[in-house]
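Work through the exercises below with the sequence and the structure side by side, trying each task before reading its solution.

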Amino acid sequence: MSYITMYSNETSIPGDTPSKAFAIIMTTLTSIVLVVGVSGNILALTAIILVRRLHTTSNALIANLSISDIGALLTGLTTLVLGLYGAEKLRSADWICQFLLHVTFLFVFTSVLTLQCVAIDRYVIITKPRSTYLRYFSGWGLYVILGGTWSVAALFTVVILSIGGRGVWVEEILICYIDTGDPYSWWCLTIALILACVSSLFVVPCLFLLTFKKIHETRMRVEEATNQLPRTGNKSSLFSREEVAVTRMMLVVYLTFTVCWVPMLMLHLTHYGSYPPYEVQHICTLLAILNSALNPVVYAGMNRRLRASFKKVLKCKPQPSRVDISFTLNYTS
């Protein structure tokens, strides 16, 4: 008898379909998240492409994050909806689960890697000389970074889903998921999550901490010099408000990602060889995908330049006929 079969005998199966009330609530929430998330990310992407003053390295990373967020919303929410209403079809078509999980993992891993690149970008632009920043974060360096996020994410996805485990329809939780009832698959996914979380939950906070420490130290040094020599004090080393604002905004984006994804991680770690109630699985999955819908809200709420550009796009104001999307000329964020 297989490992998954033993657990299937011990775990209650909710039946062919979820309760009607739960399906209605989840459908409503899913629809709201989908509309807000996709429209918000398309707005952010459009503004960054059309508004020339947004052609910076930091905004190029935001655009990359918006693309991966749109993909995660479409594929992740499709998986949830099919779990609620398309169980019969998914039982007889494993390739649908395989496809949805491969694409969803690709978009999610790209988002994670992009957030890590954002933290590095903020650290280098604040703590290193301008020449160093331009050497690695403009021109071909930027293209390598953006291409690298997708390439590494694709490799990670193939390794996990082709070697470590396969996407299947899991009756116990009414969703397409990796067959975590098999200990080998569970450990492969766990190791992948731990590797992603080590970099996201430890390395990224350290980079932001060092960045804000540098901002604070520089401000204190400039204020001290200004007090001693009020007429000749040099303020050139004080970071622009825009740079600090973008750094704070991306810190909030990272914290939002952490809050939305930690429940999903804990749910996985606490169910070795078994499955949680399907309601809990669906709610945690929706919360994780909600992160992709919240990012545009953070952009509009915390960055005046992006907010003003969003308004321009919504009002359909004419833009310059020649759109430069090279992201190589601007240094400031």
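**Exercise 1: The disulfide**

By the rule that a disulfide is a pair of cysteine sulfur atoms within 2.5 Å, the count comes to one disulfide. The structure is a predicted model, in which local features need pLDDT of at least 70 and side-chain atom pairs count only at pLDDT 80 or more, while totals for chains, interfaces and linings use all residues. Residues are numbered from 1 along each chain as its sequence is written, and side-chain values use heavy atoms, with hydrogens and water left out.

Task: find which cysteines form the disulfide, and say where they lie in the chain.

Solution. Begin with the sulfur atoms: those of C97 and C176 are 2.0 Å apart, and these two residues form the disulfide. C97 belongs to helix α5 and C176 to strand β2, and the pair links distant parts of the chain, 79 residues apart. Finally, consider the handedness: the disulfide is left-handed because the torsion about its S-S bond is about -60°.

**Exercise 2: The cavities**

Task: state how many cavities of 30 Å³ or more a search of the whole structure finds, and describe their linings.

Solution. On a 1 Å grid over the protein atoms alone, a cavity is a set of points where a 1.4 Å probe fits but cannot get out, and lining residues have an atom within 4 Å of a point. Grid points are joined across faces, edges and corners, and a volume is the space filled by probe spheres set on the points. The search finds two cavities of that size.

The largest cavity has a volume of about 640 Å³ and is lined by 33 residues, of which V108, L193, W261, M264 and A288 lie nearest its centre. To sort the lining, count Ala, Val, Leu, Ile, Met, Phe, Trp, Tyr, Cys and Pro as nonpolar, Asp, Glu, Lys and Arg as charged, and the others, Gly among them, as polar. This gives 22 nonpolar, 10 polar and one charged residues for the largest cavity.

The second largest cavity has a volume of about 80 Å³; among its 12 lining residues, Y177, L267, H268, P276 and Q281 are the closest to its centre. Its lining divides into seven nonpolar, five polar and no charged residues, and the largest share, three residues, comes from α9.

**Exercise 3: The nonpolar core**

Task: identify which residues of the largest nonpolar core touch the most other members, and list the contacts of F310.

Solution. A nonpolar core is a set of buried Ala, Val, Leu, Ile, Met, Phe, Trp, Tyr and Cys residues joined through side-chain atoms within 4.5 Å. In the largest one, with 41 residues, I62, M249, M250, V253, Y299, L306 and F310 touch the most other members, and α5 gives the most to this core, with eight residues. With contact meaning heavy atoms within 4.5 Å, and leaving aside neighbours within four places in sequence, F310 is in contact with L43, A44, A47, P296, Y299 and A300.

Notes: 1 Å grid on protein atoms, 1.4 Å probe; cavity = no way out; pocket = protein on both sides within 12 Å on 5 of 7 lines; lining within 4 Å. Helix = DSSP H or I, 4+ residues; strand = E, 2+ residues; numbered from the N terminus. Buried < 20%, exposed > 50% of the residue type's maximum accessible area, 1.4 Å probe, protein only.
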